[in-house]
Amino acid sequence: MVTRLSRPRVLALCALPVLALFGTAAFAPLPFTLAQPGTTANVLGDDKGTPVITIAGAPTRTTDGALLMTTIVATGPGADVGIGDVVDSWFRTDRAVMPRDSVYPTGGSEKEIEKHNLQDMRESQNVAVDAALTYLDRAPDSVDITLHLADVGGPSAGLFFSLGIIDKLDGDGSGGDLTGGRTVAGTGTIEADGTVGAVGGVSMKTQAARRDGASVFLVPEAECKEARAEKPDGLRLIPVTTLKGAVSSLRALEQGTKVPSC
């Protein structure tokens, strides 16, 4: 004998596998990383009592204002992130849900990733020096530059290291500060030819910048949309693609002339 099921009963039975999947997902770890605004560091200042930028072999300027490189804080590669964590973070403006592979593309243990990030930072520092000296048309063998920033990994401070070197050596090129006395924050990788590259977690970095007093944020142009998504009030976004463009924008900001905007 064939039993006919009413429509509500059929729908209820069909929903059981779906509910089972949601039930499993609620307890299974997901391939995501949760991020939030991290610390900032003024590359024109000190880090734990040591100047972030030390220059020998050339006269340096006393600078005003600040150039804040920004960071995010993210759950580790081995952290169990459940669906409840994802849903909670998804609806918060001070949290971001990011694919784990985008934050930890190399895989490996936390120690291995930390080692890789520190290596990226060291390489970024070397390239930042080259980019700044190339911009200033100075020979590398005539000046000795040391960069120091503890407990921060990755290449995303490259642009701001270069800007800090330029400000200490040349300012805005006309006797003033590159910052115009402002607190300028931002992010971006740097190549030796001055090309600025994209980074991750921009929407979280803008919040860290505003929290720590920045009124201007330099953002890789490709990430303007993300930066606008959670832009804090009172923070001006300036897109950059090159070191030369970043310097030109900061000069224009001080002179009151047209400045690019995201």
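This is a predicted model: local features need pLDDT of at least 70, side-chain atom pairs count only at pLDDT 80 or more; totals for chains, interfaces and linings use all residues.
**View 1. Strand E5 pairs with E1 and with E8.** Take E5, residues 66-74: with E1 (residues 32-42) this strand runs antiparallel, joined over six bridges. Look for glutamine 36, which sits across from valine 73 of E5. With E8 (residues 183-186), E5 pairs in the parallel sense, over four bridges. Here alanine 66 has threonine 183 of E8 as its bridge partner.

**View 2. Helix H8 spans residues 243-255.** Which residues of H8 are buried? They are Leu243, Ala246, Val247, Ser249, Leu250, Ala252 and Leu253. In a helix, residues three or four places apart point the same way, because each turn takes 3.6 residues.

**View 3. Glutamate 254 and arginine 182 form a salt bridge.** Their closest N and O atoms are 3.0 Å apart. Glutamate 254 belongs to H8 and arginine 182 to the loop between H5 (158-169) and E8, so the pair ties together parts 72 residues apart in sequence. Glutamate 254 is partly exposed at 42% relative accessibility, and arginine 182 is partly exposed at 25%.

**View 4. Aspartate 212 meets arginine 211 in a salt bridge.** The N to O distance is 2.9 Å. Aspartate 212 is partly exposed, at 34% relative accessible area, as is arginine 211, at 47%. Elsewhere, salt bridges with shared partners link Arg61, Asp167 and Asp177 into one network. The structure has five salt bridges.

Note on methods
Residues are numbered from 1 along each chain as its sequence is written. Side-chain values use heavy atoms; hydrogens and water are left out. Two strands pair if DSSP finds at least two bridges between them. Helices (H or I, at least four residues) and strands (E, at least two) are DSSP runs, numbered from the N terminus. The expected span of a helix is 1.5 Å times one less than its number of residues. Buried means under 20% relative accessible area, exposed over 50%, partly exposed in between (1.4 Å probe, protein chains only). A salt bridge is a side-chain nitrogen of Lys or Arg within 4 Å of a carboxyl oxygen of Asp or Glu.
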